[in-house]
Amino acid sequence: MPYSYDDQNIFAKILRGEIPNDTVLETGHSLAFRDIHPQAPTHVLVIPKGAYVCYDDFAQNASDAEILDYTRAIGEVCRLMKVEENGFRLIANAGTAGVQEVPHLHVHILAGRPLGRMLAPA
Ligand code: AMP
């Protein structure tokens, strides 16, 4: 499915420096920053710098260099946040059913408390 990217989304504005962010890590192709409404003691978002709507868009259309950088950046943030020992959760919401609010790929890194089961009952 072809994806249409809205360059007015809030993460595009962060990448252009139009609004501030609390950066945790910046690499050649990725940016990690703290979620403005944290759901856990550690709640960091990792985004690619390229214009990708969701994980599927990224996996289909990003270069190998972008995919490598992004994958490694997520791991590096986990180490920077020291979440490996007690555990953590990665979430990448997509589309309507996934309740994706910001249409630029982001992985949530959540940690620092027991996170409960993966999904609440519908
Ligand atoms: P999602 O529902 O997966 O699209 O999550 C979007 C996330 O972006 C939410 O957890 C928001 O709290 C977060 N968010 C929205 N605006 C900002 C911002 N300006 N800086 C940091 N996080 C943000």
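On a 1 Å grid over the protein atoms alone, a pocket is an open set of points with protein on both sides within 12 Å along at least five of seven lines, and its lining residues have an atom within 4 Å of a point. Grid points are joined across faces, edges and corners, and a volume is the space filled by probe spheres set on the points.

Colleagues, the model under discussion is predicted: local features need pLDDT of at least 70, side-chain atom pairs count only at pLDDT 80 or more, and totals for chains, interfaces and linings use all residues. Residues are numbered from 1 along each chain as its sequence is written, and side-chain values use heavy atoms, with hydrogens and water left out.

I begin with the largest pocket, which holds about 910 Å³ of space. Its lining comprises 33 residues, and those nearest the centre are Asp-35, Gln-39, His-43, Leu-45 and His-108. At least two lining residues come from each of helix H1 (10-15) and strands E2 (30-34), E3 (42-48), E4 and E5; helices (H or I, at least four residues) and strands (E, at least two) are DSSP runs, numbered from the N terminus. By class, 17 of the lining residues are nonpolar, nine polar and seven charged. Here Ala, Val, Leu, Ile, Met, Phe, Trp, Tyr, Cys and Pro count as nonpolar, Asp, Glu, Lys and Arg as charged, and the others, Gly among them, as polar.

Is Gln-100 buried or exposed? Gln-100 is buried, at 17% relative accessible area, where buried means under 20%, exposed over 50%, and partly exposed in between (1.4 Å probe, protein chains only). A polar atom of the Gln-100 side chain lies 3.0 Å from the backbone oxygen of Val-102. Beyond four places in sequence, Gln-100 touches Val-53, Cys-54, Asn-93, Ala-94, Gly-95 and His-106, contact being heavy atoms within 4.5 Å. Val-99 sits in the loop between E4 and E5 as well; Val-99 is exposed at 56%, and its phi is near 55°, a positive value in a residue other than glycine.

Cys-54, one of the residues that Gln-100 touches, is buried at 5% relative accessible area, and Cys-78 is buried at 4%. How many disulfides does a search of the whole structure find? The search finds zero, a disulfide being a pair of cysteine sulfur atoms within 2.5 Å.

Key:
A polar contact is a pair of N or O atoms within 3.5 Å; within protein, one must be able to donate a hydrogen and the other to accept it, and residues adjacent in sequence count only if both atoms are side-chain atoms. On a 1 Å grid over the protein atoms alone, a cavity is a set of points where a 1.4 Å probe fits but cannot get out, and a pocket is an open set with protein on both sides within 12 Å along at least five of seven lines; lining residues have an atom within 4 Å of a point.
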